[in-house]
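Please look over the chain below.

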Amino acid sequence: MSSAAPSNANDGCVGPTSQEAGKAAACAGCPNQGACSTGSFSSPAAVAAKEKEKANLHNALSEVSHVVLVLSGKGGVGKSTVSTQVAQSLSSRGYSVGLLDVTFVDRVSQEWQGARREVHQSQSGWTPVYANPNLAVMSISFLLEEGDAAVVWRGPRKNGLIKQFLTETDWGVGGLDYLIIDTPPGTSDEHISIVQYLNDARSSGQGASGAIVVTTPEEVSLADVRKELNFCKKTSVPVLGVIENMSGLQTRVSDMRFMNDESNDCTSDVLSLLKEKCPEVLNMMAITDVFPSAGTGPEGMANKFGVPYLGKLPLDPNLLKSCEDGVSFVDQYPSSPGTAPLNNIVDKLILALPVEDDEEDAMQT
Ligand code: ADP
């Protein structure tokens, strides 16, 4: 009999938090079977455990001004890229920023090389890695052995680790202006868990300030994002806005490569011809839609859901490179095609979630 068994439970009770709760042989005929099978059973011990979790999260986030969840309907649309570069950009502007990656994708370690060796646990919790003095980074992948098949971990273990990361990361003295959380894509188990967990904490004044939803322009991605927006609505997570990523490819004509009818590279011939006949073209930007937008696209979708549209971010090789090098894209490449759009997005985010000093400055002016 589990030690968490309610007093009126059958002999052999596996406990209301067991994966077998409501389904085990001993559950047959138990008065709690219905509640246990739907996960809605609340014994005094379970209620106390939940309250403790809430208090832990409250403590952990008490010095974080804004928690921003970055969501996407499906993988590969640039959610981690946006999370990383929004965090980098906020930190460059002088804000104190935390970036928490709970995606279970062994990728961030490439961006924050050496992080695995640096991250450690002390009495005050997990100490994040500092990408710069204003940017603390914590990622589940820092703790995994190289090549760890984390994807095969089962939901409860993942959920437990996510909760642990949320409550036990020590973001340092002075707290954070923004905590950006890169979440698993779609409405997966872990995803629901993190949103619910933060939502529960909201009733005690903490929790997520809002969510940024990242999508690419085509219908396949939009279909998944609609589910995500409905999920936010249902769980009352405020949507700060939709970002349309990989919206067209922009490149300077002089950086393009050209092929002739026989698929042979004729770049140098074309560039020489342009230089001779119309050199001004070499400096122009060539733009093409890689993922053609369906219908009114992400902007129309955002309007339909009544949530802000934060803008388009083009495909920009420098954005990819900045993530790989672990540097701030807007600082490193001030005139790259994606720089102004990303700065605009960050401006809108700060406007939606001002930190106290900003609010005071605004009142003084
Ligand atoms: P997700 O987190 O949604 O799975 P990623 O952020 O890992 O997606 O992006 C997938 C790939 O696309 C990565 O290699 C990333 O560097 C690249 N990428 C994402 N957005 C852009 C962009 N706007 N321009 C260029 N490359 C991008």
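The report starts with the whole chain and then turns to single contacts and residues.

**Basis.** This is a predicted model, in which local features need pLDDT of at least 70 and side-chain atom pairs count only at pLDDT 80 or more, while totals for chains, interfaces and linings use all residues. Residues are numbered from 1 along each chain as its sequence is written, and side-chain values use heavy atoms, with hydrogens and water left out.

**Whole chain.** The protein chain holds 15 helices and 11 strands. Helices (H or I, at least four residues) and strands (E, at least two) are DSSP runs, numbered from the N terminus. Of the 365 residues, 46% are buried. Buried means under 20% relative accessible area, exposed over 50%, and partly exposed in between (1.4 Å probe, protein chains only). The accessible surface comes to about 18,000 Å². Carbon and sulfur atoms own 51% of that surface. Areas come from the Shrake-Rupley method with a 1.4 Å probe; for residues, only the protein chains shown count as cover. Among contacts with a separation of 6 or more, 74% link residues 24 or more positions apart. A contact means heavy atoms within 4.5 Å.

**Helix H3 and its partners.** Helix H3 spans residues 79-92 and packs on helix H12, residues 317-325. Their axes lie 10 Å apart, at an angle of about 75°. That makes H3 roughly perpendicular to H12. Axes are lines fitted to C-alpha atoms, for helices over the stretch in contact, and angles run from 0 to 180 degrees between N-to-C directions. Angles under 35 degrees count as roughly parallel, over 145 as roughly antiparallel, 65 to 115 as roughly perpendicular and the rest as oblique. On the H3 side, Thr81, Thr84 and Gln85 take part; on the H12 side, Leu319, Ser322 and Cys323. The contact of H3 with H12 has two nonpolar, four polar and no charged residues. Here Ala, Val, Leu, Ile, Met, Phe, Trp, Tyr, Cys and Pro count as nonpolar, Asp, Glu, Lys and Arg as charged, and the others, Gly among them, as polar.

H3 also meets helix H14 (residues 339-352), with axes that come within 10 Å and cross at roughly 70°. H3 and H14 are therefore roughly perpendicular to each other. H3 supplies Gln85, Val86, Ser89 and Leu90; H14 supplies Leu342, Asn343, Val346, Leu349 and Ile350. The contact of H3 with H14 counts six nonpolar, three polar and no charged residues.

**Aromatic pairs.** Rings of Phe, Tyr and Trp (its six-membered ring) pair if their centres lie within 6.5 Å; planes under 30 degrees apart count as stacked, over 60 as edge-to-face and the rest as tilted. By this rule there are three aromatic pairs. Two of them are tabulated here.

| Pair | Centre distance | Plane angle | Class |
|---|---|---|---|
| Trp126 and Phe165 | 6.3 Å | 25° | stacked |
| Phe329 and Tyr333 | 6.2 Å | 35° | tilted |

Trp126 sits in strand E4 (residues 125-127) and Phe165 in helix H7 (residues 155-168), so the pair ties together parts that are 39 residues apart in sequence. Both Trp126 and Phe165 are buried. Phe329 is buried too, at 0% relative accessible area.

**Backbone and loops.** Ser236 has a positive phi near 55°, though it is not a glycine. Ser236 lies in the loop between helix H9 (219-234) and strand E9 (239-252), and is partly exposed at 48%. Met246, also not a glycine, has a positive phi of about 55°. Met246 lies in strand E9 and is buried at 17%.
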